Amino acid sequence: MTPGTEQALAEAVRAAHAAREPLAIEGAGSKRAMLRPVQAARTLSTRGLTGITLYKPAELVISARAGTPVAEIEAALAEQGQQIIAEPPDLSALLGAGGATLGGVVATNLSGPRRIAWGSMRDHVLGIRAVKGDGEIFRSGGRVLKNVTGLDLCKLLAGSHGTLGVLTEITFKVLPAAEATGTLALAVPDLGAGVRALSAGLGSPFGVSGAALLPMGMAAMGLPGPVALLRIEDFSESVTYRTGRLREVLAPFGEISLFDGQAARSLWRGVRDATFLDAAPEDAVWRLSVAPSAAPAVCAALPGAKLLLDWGGGLIWVAGEASEAMHQAVVAAAGTGSFTLFRAPDALRHAVAVLPPEPPALAAISTRVKALLDPAGILNPGRMGR
């Protein structure tokens, strides 16, 4: 089902609620391979809800319907020299489907390398319109930066993977795009040294907006071993000065190369979209969130796995054999951190936990919230493993 209006979408949800009929909720379906497969008779898509409904460049605010392609929004922002702050990834190569929508990005709360400097997608959402599991239309937040309207349901629905409501419109903050970008690439002897270099860069006063580590290096650019990447974005003169000063801070860690302009942007697209992970089609893919200082030990516990580190080492992409044994090894390596089974064959996604279990107290709250927003449990049942 692809209703063309919010009211028609609400009526479809209302009918499913009355019939106790589960619905698979999606935008363009680009993230269908994530988490656990949804068992539902019908799919409800927001693809018919498209278009930018408000854009005030001077106020750094934009609103768009949930089914609007992210590429369309990025193009409109680029015309005004602006950008989406959280740098959401294009995971079409990883998940096998493209055309990500705004609603899908917010519902999954996916953010790119800039998260360490500016926060996640959730942090920039000002307001939403959405449909509850009983078909009721509701809104939260507003369309201004100084926004104190009502309960903050925006953050609750961001990252809920369509299990609490169907987003129909989102308002969020934007920022001016950087005039220039510069990236320092350090050849480091091992992952421990690489994480320490990233930490030194992030702890410096020079405004690092990206800090990643490529365990396999960049052979095509003459850097075959582990490579640490640190990015600075701003006005040209500022980038030149700050990359020079940052180079001085990082000199003790090893040989340093400088990439700027299109070469630097290409590097960070590879990090953002996890193409540097080089996952084979048959590989399962996990995403781990750990303390950066723990990252080298986590990686060492997964010999043979393909790895990519972002967010100063706090985010680890892992690709490996799509088996329960490998899954358990990844979960064990994550330890007290968090894991997400990002991509795997349906059989594995059904057989194992795709997210860590919630502590009992938090699980009780989640159950109560779900009962209030989706009383019949028809929205993406089982997607998050519950």
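Guide: What follows covers ring contacts, backbone angles and cavities.

Visitor: What should I know before we start?

Guide: This is a predicted model: local features need pLDDT of at least 70, side-chain atom pairs count only at pLDDT 80 or more, and totals for chains, interfaces and linings use all residues. Residues are numbered from 1 along each chain as its sequence is written, and side-chain values use heavy atoms, with hydrogens and water left out.

Visitor: OK, how many aromatic pairs does the structure hold?

Guide: One. Rings of Phe, Tyr and Trp (its six-membered ring) pair if their centres lie within 6.5 Å; planes under 30 degrees apart count as stacked, over 60 as edge-to-face and the rest as tilted. The ring centres of tryptophan 317 and phenylalanine 342 are 4.9 Å apart with planes at 80°, so this pair is edge-to-face.

Visitor: Which strands are those two in?

Guide: Tryptophan 317 is in strand E15 (residues 315-320) and phenylalanine 342 in strand E16 (residues 338-343), so the pair ties together parts 25 residues apart in sequence. Strands (E, at least two residues) and helices (H or I, at least four) are DSSP runs, numbered from the N terminus.

Visitor: And are tryptophan 317 and phenylalanine 342 buried or exposed?

Guide: Both are buried, meaning under 20% relative accessible area; exposed is over 50% and partly exposed is in between (1.4 Å probe, protein chains only).

Visitor: New topic. Which residue has a positive phi of about 55°?

Guide: Histidine 161, although it is not a glycine. Histidine 161 is in the loop between helix H6 (153-157) and strand E8 (166-176), and is buried, at a relative accessible area of 13%.

Visitor: What about asparagine 380?

Guide: Asparagine 380 is not a glycine either, and its phi is positive, about 45°. Asparagine 380 comes in the segment after helix H13 (360-373) and is buried, with a relative accessible area of 2%.

Visitor: Now the holes. What lines the second largest cavity?

Guide: Among its lining residues are Pro89, Leu91, Trp317 and Phe342. Helix H9 (261-272) and E15 are the elements that give two or more residues to that lining. A cavity, on a 1 Å grid over the protein atoms alone, is a set of points where a 1.4 Å probe fits but cannot get out, and lining residues have an atom within 4 Å of a point.

Visitor: Which residues lie nearest the centre of the largest cavity?

Guide: Ile25, Glu26, Gly27, Gly104 and Ala107, out of 25 lining residues. H4 gives the most to this lining, four residues.

Methods: On a 1 Å grid over the protein atoms alone, a cavity is a set of points where a 1.4 Å probe fits but cannot get out, and a pocket is an open set with protein on both sides within 12 Å along at least five of seven lines; lining residues have an atom within 4 Å of a point.
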